[in-house]
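Have the sequence and the 3D view open as you read.

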Amino acid sequence: MRLYIELAKKAAQRQLAYRQANLAGLLTNLFFGALRAYTLIALYGVRSQIASYTLEAAITYTGLTQAILRPVQIFGWLDLMKTVRTGDIVSDLIKPFDFYFFWLAQDMGANIIHLIVRGVPIVLIYALVTPIVWPLGAGAVTAFAASLLLAMLVSFAWRFCVNIAALWMTDAIGVARLGFTLSMFLSGFVVPVRFFPPWLQAVAYATPFPSLIETPVQIWLGILAGPAAVHAIFQQAVWMVALMSVGRVMLAAGTRRLVIQGG
Amino acid sequence: MGPYVELYFRLIASRIQAQMQYRFSFAMDVVSNFFSNFTDLAALFVMFTQATALGGWSLGQVAFLYGLSSVSFALHELFQGAFDNDVFASYIQRGLFDQMLTRPLPVPFQMFTEYFMLRRLGRMTQGLLAFALGVALAQPHWTLPKLLYLPLVVLGGAVFFLAISIAGCTLCFWTVQPTEVVNIFTYGGTTMLSYPLTIYHEFIQRFFVYILPMAFINFFPSLYFLDRPDPFHLPTFVPFLAPVVCTAVFVIALRLWAFGVMRYTSTGS
């Protein structure tokens, strides 16, 4: 366990070293957040509520999604896949630690830094310039924290599966990009899932992707509260276990294949 | 001029040929590029299931705006060559730019022919699709002058986006690293222009009309194409200034670039 905590710390420090990039990223996230907020304000027009989102909640939604997009890595991630291409994966596999937790620890380390240096400032800056919705009470705050942590874990489990698929394909990048586009849209990152037409909502809720964005955001906003929030968190946990199991099975099968090919 | 044109086509043809060697991988790239941009269009349609107008513009009119800026942006991506923040930063880091300076060809010419990403046809396809939907739904009243002006507007937009990318790369001479801030004006710019400018905060509107006049990429020309009144109450010839404004911005960007090249001291790698 201590090894993985060290790995996470190292990844966090690496991320922290890019000061200029972190600041530029923050500005970019804020600009896109502003654009999305104004688009929603125009969409609401004179109406005060659309699909259980008040205008204030919709504006908060744009800020929150911009704040957590990097911690949940909604645009995807190809680092693991690149080690398949370069062959570095072989040396990582023979090192004396669990390969899955090796990547998970580093991922979470960087995610926490993104949460602190990008996520928190974005929410605070939003709160300075516009009224936003805050979670109501300690229960909601705890539920949000649990849900966000699970969102990061489900996201990792999903990205691991996509990346490890590269063991079967010589050029998996196109397929991976397609997968990440799909998960980004169905997560409710671009537009809230509740704004979707009913058939598309049904499609989205049949996938793990709303667990990445929609669930934590709705818990923060109080759209999911009490038993409904607990149920949603439970669903996230189920997706996490399911996707992590798939990832591990794929890893085991892929590693055997790798051995046959001789790396 | 003549030999350069021939050389340009020969170099671009060889870049295309190289990418076509891996047909399946190339096809997947185009498809994924299409879909990764398609989400913005899908979002537009999802939003219009909740409302009939956005800032006074109908679905068709917004799709028209969106399509126009997407096609220009895609053209710029296709022809930008190595004038891409990430690509160019790695050129500087690896010392490849220093090699360019020693070759007997103008540096901007080499930059434009260094890269040609055919997979970006994906964005082009989805921009054209959005534009076609916009035209079908908004049914603009087409006249001969409008039809003649349209290609000029599209080219002007592409040239404006190129200018931003060139200015962004110029920054790399000092930062050496890619600067994500440039994305605010490239990706952020095209996202912003996808919706009517008047929905944004007054500061954003004024900035993109008077300071960095990106409103000329699609917003002002669209007022003419769609016969909409000008919310800024500018003179009626303003929508026709687009090609002039875009060319001027491009010239300024090339000047900045030349200044950057003069001041460039290499990383020594």
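## A polar pair around N85(B)

The side chain of N85(B) has a polar atom sitting 3.2 Å from the backbone oxygen of G168(B). Keep in mind that this is a predicted model.

Is N85(B) buried or exposed? N85(B) counts as buried, because its relative accessibility is 9%, and the cut-off for buried is under 20%.

Who else is around? Setting aside neighbours within four places in sequence, N85(B) is in contact with G168(B), C169(B) and C172(B), and also with P178(B), T179(B) and V182(B).

## Where chain B meets chain A

Now zoom out to the two chains. On the chain B side, 36 residues are in contact with 33 residues of chain A. Together the chains bury about 2,900 Å², and 72% of that is on carbon and sulfur atoms.

How many salt bridges turn up across the interface of chain B and chain A? The rule finds zero. As for polar contacts, the count between the chains is two residue pairs, both at pLDDT 80 or more.

## What chain B brings to the interface

Several elements of chain B each supply at least two residues to the side touching chain A, among them strand 1 (53–54), helix 9 (182–185) and helix 11 (202–211). Helix 2 of chain B gives the most, with 12 residues.

Sorted by class, this side of chain B has 19 nonpolar residues, 14 polar ones and three charged ones.

Key:
Residues are numbered from 1 along each chain as its sequence is written. Chains are lettered from A and ligands numbered from 1 in the order in which they are written. This is a predicted model: local features need pLDDT of at least 70, side-chain atom pairs count only at pLDDT 80 or more; totals for chains, interfaces and linings use all residues. Side-chain values use heavy atoms; hydrogens and water are left out. Contact means heavy atoms within 4.5 Å. Buried area is the accessible area (1.4 Å probe) that two parts lose on being put together, summed over both. A salt bridge is a side-chain nitrogen of Lys or Arg within 4 Å of a carboxyl oxygen of Asp or Glu. A polar contact is a pair of N or O atoms within 3.5 Å; within protein, one must be able to donate a hydrogen and the other to accept it, and residues adjacent in sequence count only if both atoms are side-chain atoms. Helices (H or I, at least four residues) and strands (E, at least two) are DSSP runs, numbered from the N terminus. Ala, Val, Leu, Ile, Met, Phe, Trp, Tyr, Cys and Pro count as nonpolar, Asp, Glu, Lys and Arg as charged, and the others, Gly among them, as polar. Buried means under 20% relative accessible area, exposed over 50%, partly exposed in between (1.4 Å probe, protein chains only).
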